[in-house]
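Thank you for making time for this today.

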Amino acid sequence: MTIQVSHTEPPILQLHQVSFSYHTLQGETPVLHQVSFEIQQGEFISVIGPSGAGKSTLLNLLAGLIPVEEGKILFLGKDLYLQKKEGPSFPLGYMLQQDQLFEFRTIWQNVILGLEINKKLTSDNISYVNSLLKKYNLYEFKDKKPSQLSGGMRQRAALIRTLALRPKILLLDEPFSALDYQTRLEVSGDIAKIIKENNITAILVTHNLSEAIGLSDRVLVLSPRPATIIKQLPIHLTLPSDNLLSYRLAPEFNTYFNELWEDLNHEKQK
Ligand code: ADP
Ligand code: MG
């Protein structure tokens, strides 16, 4: 995928020396150690790292679900959390592993849930959601219950619910890991396409190296806990396509794969 980067604007997101520990009755668990990176508008970043490294914690900090203890997170040059306090238009949307659709609500009632909670059910937003449903082939299913849809369709519905709030940055925490292999390829390709078409900056946490290479402009590699960034690998594949299977055919694919594989295993053995 090509990077649509405008260097005249400040980075959309900047982390400066962000550190974080959980404090529990058992003691202190240091999770992130002086994590710094920047993301440009429109970039698609993947974060990989061993299980328990602190990937979800990183996204939770970005989503404002847990407070930053040390360091700074800036959105377009300004403190992210001050902006959160200022109003409901928080610029980051979050999508998790499970689609988290409510079975007692129809697809329509699910996709407008965020708008409802944030009191933003304007006619403008409603027609935006309708256009997304139509564009991504869910409009005819809007009165169905989630269980009547395939796993891939449910993930698309969950994404539309997040997009309804028009986030500038999308956080995706292993959103495809509950899907079987074939569906995963299909859905991750679909979701990446939707993200690109809507010009959204994305941070994807994934266990899947192929997915990270296939979908992103840059891969960040985390060390085991307490996580630091051990590498930022820019990805340039010479087979532009939305199909993850064809990414594997790009001549650079194996080189990237082997490099990231070695980084992860090297770190594990330390
Ligand atoms: P990852 O997503 O990379 O697998 P997490 O960010 O979920 O890792 O967790 C990082 C570490 O922090 C793990 O050791 C985990 O057990 C611990 N942890 C996660 N959430 C909490 C919490 N709420 N309280 C205490 N420890 C936690
Ligand atoms: Mg996690």
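This is a predicted model: local features need pLDDT of at least 70, side-chain atom pairs count only at pLDDT 80 or more; totals for chains, interfaces and linings use all residues.

Let me begin with a contact at the ligand: a polar backbone atom of Gly-52 is 2.7 Å from an oxygen atom of ligand 1, where a polar contact is taken as a pair of N or O atoms within 3.5 Å; within protein, one must be able to donate a hydrogen and the other to accept it, and residues adjacent in sequence count only if both atoms are side-chain atoms. Residues are numbered from 1 along each chain as its sequence is written, chains are lettered from A and ligands numbered from 1 in the order in which they are written, and side-chain values use heavy atoms, with hydrogens and water left out.

Ser-56 places a polar side-chain atom 2.9 Å from an oxygen atom of ligand 1, and an N or O atom in the side chain of Arg-225 is 3.3 Å from an oxygen atom of ligand 1. Of the 560 Å² of accessible area that ligand 1 has on its own, the protein covers 61%, with areas taken from the Shrake-Rupley method with a 1.4 Å probe and, for residues, only the protein chains shown counted as cover.

The shell around ligand 1 includes Tyr-22, Thr-24, Val-31, Pro-50 and Lys-55, a residue being near if one of its heavy atoms lies within 4 Å. The shell divides into four nonpolar, six polar and two charged residues, where Ala, Val, Leu, Ile, Met, Phe, Trp, Tyr, Cys and Pro count as nonpolar, Asp, Glu, Lys and Arg as charged, and the others, Gly among them, as polar.

Which element gives the largest share of that shell? It is α1, with three residues, in a scheme where helices (H or I, at least four residues) and strands (E, at least two) are DSSP runs numbered from the N terminus. Seven of the eight residues of α1 (residues 55-62) are buried, so this helix is largely enclosed by the rest of the structure; buried means under 20% relative accessible area, exposed over 50%, and partly exposed in between, with a 1.4 Å probe and protein chains only. Among the buried residues are Lys-55 and Thr-57, and just after α1, Gly-64 takes a positive phi of about 80°.

Turning to the aromatic rings, a search of the whole structure finds four aromatic pairs. The ring centres of Phe-257 and Trp-261 are 6.2 Å apart with planes at 15°, so this pair is stacked; rings of Phe, Tyr and Trp (its six-membered ring) pair if their centres lie within 6.5 Å, and planes under 30 degrees apart count as stacked, over 60 as edge-to-face and the rest as tilted. Phe-257 and Trp-261 are four residues apart in helix α10 (residues 253-268), and therefore about one helical turn separates them. Phe-257 is partly exposed at 23% relative accessibility, and Trp-261 is partly exposed at 49%. Together with Phe-253, these two residues form one aromatic cluster.

Finally, the charged end of Arg-166 sits over the ring of Tyr-128, 4.2 Å from its centre, the criterion being NZ of Lys or CZ of Arg within 6 Å of the ring centre and within 35 degrees of the ring normal.
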